[in-house]
Amino acid sequence: MRKRTRILGRTLAAAGTLAALAVATAVPAAAAPRAAEPTSVDQDIAQLYQDVQDLYNGLPANALRGVDPLFDSPVKRPGQQAHAAQGPIPGCTPGALLTYANGLAAKLTPTEGKALSALSGIGQLYTQAIASDKTPQVFGTDGQYTPRAGSTIDKLRGFWDIESWNIQLVAWKGTDLGSQERVTQTFKLGLDPKRAAEAGALAVKVLYEVPGLQGGRHPLLTLNAFSAPAESLGGKRIMLGDGLLDVVNHLGFDDVSVEAVVGHEYGHQVDFAHKNYPENESSEMGPDAYGGYFGAHAKGEAWNARTQQEVTYLDASIGDCQHSHGTPDQRKAAGAWGEKQAVSQNNPNRIVPSAKMIEQFQKVYPKLMQPKPAALAAAH
C-alpha cells in the first residue's frame, strides 16, 4: 500500500517540478513574483488528500488483492494499482476510450486534479467495501441502465458454472460523495472514528468547493469498472461506474455498453473462481474472451455478427500501449476469439465449462500477443 502512495506522490511531485521549471524559464529569477499563498480551498484539498492516503495505508494488507481496473485511468488515485511499464509499445495508438479519458484529464486544473484524485479514491473504496446490492442499485447517471444491468447479471449467473449467488453488482456513483454518512463510513475503514468524521465532513465540503467536479457528476470520478474476489475488502462484487457508461455512450457503443462491460468483469469472477491470477496481459484479455463468448453464445446475449463486431471495437477502445492491459489490437483479438468459440460450436447450446475456457484461452494467448507488422516496422 505504501508503494502505491509513493508512486502517486512522485507523480504529483513531478508535475509540480515541471510547473516550477516553466515559470523559471519564462521569468528572470530577479523578477519572479512571490508564490501565491495557498487558498483555503487548496488547504482543504491538501488535507483531504492526506486523509485519503492515510485511509488506504490503514487498510488490511489484502484489502485490494486482485482488484484491477478495466483500464488504467489517467488520474492516479490513492490505492490504485501501478503496472510495470517498459515504455510505450512502438507503432501503438491508445484506444478511443483511453484517449478520451486522457483528454478529460488534460482539461483539469491542478486543483481540480488533486481533488478529483482524492474523491475518486474514496468513492471507489465505498463502492468496493460498503455499498451493497441489498439496497436498490441505480446504474447510469439518470438510472437509464438499471434494467439492462439487472438482466445481464442474471444471465451471467446462469451461464457460467461458478458459485454466483454471492457475486454482487453495485453502482459506482460520484453523487455518493455528497453523503457525509457514506463518506465517513468509508474513512472508518482505515482511520479512527474521530478523524473519520472530520475527514468525511471535509470530503463533502471539497466536493462542492470545486465547481469543476460537478457535484460528483464529473465523468472521471467514476470512469472505470472493477471486479473483486472473495478475499478482498467487501467480497465478491462487480463495480460499474456511471462515468464509464456515460463515456462509452458518447463514443457510440451504447447498444452493447452494459452487457459487454459487465460480461468482461464477470469474466474476472471466472478467473477468481479458479484461482487464476495471471501477471500479464491475459489478466484483462482473458475476460475479454470470456465476455465475447457469452455475448455471442445462443444461451448468452445471442448477438448477431454486426453486434459482435461492435463489442470487439469496444474492447479495442480500452487498449493501452504500456504493456499493462493489452493493446487495442490485442484486446480486439481476444474478444473476437471468444466470439468465434461460441459461433463455431457444433452444438450451439453447449456451454464450455469455465475451467476449460481458461485452459483454451491460455493456449492461444501467446498468438494473440504477436505484434502487428506496423508495430514491427516502427520498432526498426
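Author: Contact here means heavy atoms within 4.5 Å. Helices are DSSP runs (H or I, at least four residues), numbered from the N terminus. The model is predicted, so local features need pLDDT of at least 70 and side-chain atom pairs count only at pLDDT 80 or more, while totals for chains, interfaces and linings use all residues. Residues are numbered from 1 along each chain as its sequence is written, and side-chain values use heavy atoms, with hydrogens and water left out.

The pair is α10 (residues 282-296) and α13 (residues 354-368). From α10, Ser282, Met285, Gly286, Ala289, Tyr290 and Tyr293 meet Met357, Ile358, Phe361, Gln362, Tyr365 and Leu368 of α13. By class, this contact has nine nonpolar, three polar and no charged residues; Ala, Val, Leu, Ile, Met, Phe, Trp, Tyr, Cys and Pro count as nonpolar, Asp, Glu, Lys and Arg as charged, and the others, Gly among them, as polar.

Two packed helices are described by the angle between their axes and the distance between the axes. For α10 and α13 the angle is about 120° and the axes are 10 Å apart. Axes are lines fitted to C-alpha atoms, for helices over the stretch in contact, and angles run from 0 to 180 degrees between N-to-C directions. The angle makes α10 oblique to α13, a label for what is left once angles under 35 degrees (roughly parallel), over 145 (roughly antiparallel) and 65 to 115 (roughly perpendicular) are set aside.

Trp160 is in contact with Tyr290 and Tyr293, and also with Met357, among others.

How values were computed
Helix = DSSP H or I, 4+ residues; strand = E, 2+ residues; numbered from the N terminus. Lists of a residue's contacts leave out its neighbours within four places in sequence.
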